Amino acid sequence: MAEMGSKGVTAGKIASNVQKKLTRAQEKVLQKLGKADETKDEQFEQCVQNFNKQLTEGTRLQKDLRTYLASVKAMHEASKKLNECLQEMYEPDWPGRDEANKIAENNDLLWLDYHQKLVDQALLTMDTYLGQFPDIKSRIAKRGRKLVDYDSARHHYESLQTAKKKDEAKIAKAEEELIKAQKVFEEMNVDLQEELPSLWNSRVGFYVNTFQSIAGLEENFHKEMSKLNQNLNDVLVSLEKQHGSNTFTVKAQPRKKTKLLSRLLRKKNSDNAPAKGNKSPSPPPDGSPAATPEIRVNHEPEPPSSATAGASLPKSPSQSSLPAVVVETFSATVNGTVEGGSGAVRLDLPPGFMFKVQAQHDYVATDTDELQLKAGDVVLVIPFQNPEEQDEGWLMGVKESDWNQHKELEKCRGVFPENFTERVQ
């Protein structure tokens with residue numbers, strides 16, 4: 001019997017709740033249609049707006065604080081890895097190894113302490129602050145429902161009073177329900193009217209305390225970290241002083257074709273060398289390919305006059321030892337330059353000149369086809385005669401001083417490592 005009674009009470013409560021929801025829904029529809037008035041409290045509505053704004057700001061602050069903490073943790077891990085790298089590279093016989101290891105250990109502890117204090121003094125306080133909002137939000141919603149119940153009871157009571165045929169028993173019951181609904185609503189309303197303004201005003205002190213804590217913790221952290229960094233700097237300066245002579249040297253990339261190119265250049269130099277007793281090699285006969293470089297002209301040339309038909313172009317001192325240079329669209333020779341439709345080519349620079357570089361470091365040649373460089377030397381870069389002979393990271397060129405003095409590529413040109421130089425033109 002007790003079980004049946006319990007089920008009956010439960011069923012009755014469910015039915016009552018369903019009826020309340022139906023009544024509230026009907027009341028809200030009538031209010032929206034303007035067929036029933038709604039109790040308004042502008043002061044309370046302003047408090048609710050402030051509450052929602054405060055909740056939004058607090059939620060964002062909590063999210064950004066968690067992001068900040070995640071960043072601190074990530075920086076801690078990165079700093080730890082960096083110090084581990086230093087410890088692995090720091091050789092046992094180097095001075096200051098123990099000090100560097102101790103600094104790395106203190107660095108790790110400092111990051112851990114900073115993160116934990118941020119959690120305790122900022123994040124947990126933030127969580128406590130936001131913890132009060134869900135309950136108040138729920139009570140605001142409940143107050144809204146009780147207000148609808150109150151308006152519904154009031155409208156029901158008023159309709160019974162204005163009815164043509166009055167039923168006193170129904171009127172009395174409606175009045176009783178109205179008084180009960182009004183009492184429940186006003187009790188909740190009064191409590192919230194007191195709490196919401198107080199909660200709104202508390203945000204100022206909370207924001208101040210939170211950001212003061214973060215700023216103070218970060219300031220102390222950076223002070224302590226600065227000391228550790230200064231100590232590490234002192235250790236490294238001491239290491240540098242004791243090993244100052246072991247400076248970092250720039251190394252050229254290894255060459256695969258060095259010997260092959262060296263042999264080719266030596267063979268070519270021997271072929272061009274004058275015989276014993278001769279001061280210079282015999283000049284080639286007129287009209288031979290070595291005497292006159294090949295010149296191609298894209299436009300129709302004018303017929304040569306009888307005075308110039310047999311004349312040959314002047315050649316540079318190095319033409320006899322170079323392959324034929326093909327020049328397009330040349331039209332005239334003026335002031336030491338050959339001018340054409342595609343631009344001007346300077347004759348005081350080596351054929352095929354591309355750009356200039358300046359040596360940033362000394363380079364000691366390791367083979368006969370390499371240039372010996374001193375820091376500050378300017379090199380005129382030219383292309384390889386055979387591109388397949390060029391190694392990665394190496395250039396062909398002639399030192400500007402040698403070119404200005406001799407104007408001979410065969411004796412002056414050579415290869416050099418590109419990473420020892422810097423382009424200047």
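1. The pairing of β4 with strand β8 (residues 421-423) is antiparallel and runs over three bridges, where two strands count as paired if DSSP finds at least two bridges between them. Within this pairing, Q358 stands opposite E422 of β8. Helices (H or I, at least four residues) and strands (E, at least two) are DSSP runs, numbered from the N terminus.

2. A word on the basis of these remarks: residues are numbered from 1 along each chain as its sequence is written. The model is predicted, with local features needing pLDDT of at least 70 and side-chain atom pairs counting only at pLDDT 80 or more, while totals for chains, interfaces and linings use all residues, and side-chain values use heavy atoms, with hydrogens and water left out.

3. Strand β4 (residues 355-359) is mostly covered, since four of its five residues are buried; buried means under 20% relative accessible area, exposed over 50%, and partly exposed in between, with a 1.4 Å probe and protein chains only. Strand β4 is also joined by four bridges to strand β5 (residues 378-382), and these two strands run antiparallel. V357 has V379 as its bridge partner in β5, and V379 in turn has K399 as its bridge partner in β6. The pairing of β5 with strand β6 (residues 394-399) is antiparallel, over four bridges.

4. These pairings belong to an open sheet of five strands, whose order is β7-β6-β5-β4-β8 and whose pairing is antiparallel. Because β7 (414-417) and β8 stand at the edges with a single partner strand each, one side of each is left without a neighbour in the sheet. From one strand to the next, the twist averages 50 degrees.

5. Turning to the helices, helix α4 (residues 133-161) and helix α5 (residues 168-242) pack at an angle of about 150 degrees, with their axes 8 Å apart. Axes here are lines fitted to C-alpha atoms, for helices over the stretch in contact, and angles run from 0 to 180 degrees between N-to-C directions. The two helices α4 and α5 are therefore roughly antiparallel to each other (angles under 35 degrees count as roughly parallel, over 145 as roughly antiparallel, 65 to 115 as roughly perpendicular and the rest as oblique). The residues of the contact of α4 with α5 divide into 18 nonpolar, four polar and 11 charged, where Ala, Val, Leu, Ile, Met, Phe, Trp, Tyr, Cys and Pro count as nonpolar, Asp, Glu, Lys and Arg as charged, and the others, Gly among them, as polar.

6. Helix α4 contains G144, which counts as partly exposed because its relative accessibility is 27%. G144 and F185 are 41 residues apart in sequence, and their C-alpha atoms are 8.6 Å apart in space.

7. A search of the whole structure finds 10 aromatic pairs; rings of Phe, Tyr and Trp (its six-membered ring) pair if their centres lie within 6.5 Å, and planes under 30 degrees apart count as stacked, over 60 as edge-to-face and the rest as tilted. One of the pairs, Y114 with F221, is stacked, at 4.4 Å centre to centre and 15 degrees between the planes. Y114 lies in helix α3 (residues 97-131) and F221 in helix α5, so the pair ties together parts that are 107 residues apart in sequence. Both Y114 and F221 are buried.

8. Y129 and F206 also form a stacked pair, at 3.8 Å centre to centre and 5 degrees between the planes. Since Y129 lies in helix α3 and F206 in helix α5, this pair ties together parts that are 77 residues apart in sequence. Y129 and F206 are both buried, and one aromatic cluster is formed by F51, Y129, F133, F206 and Y207.
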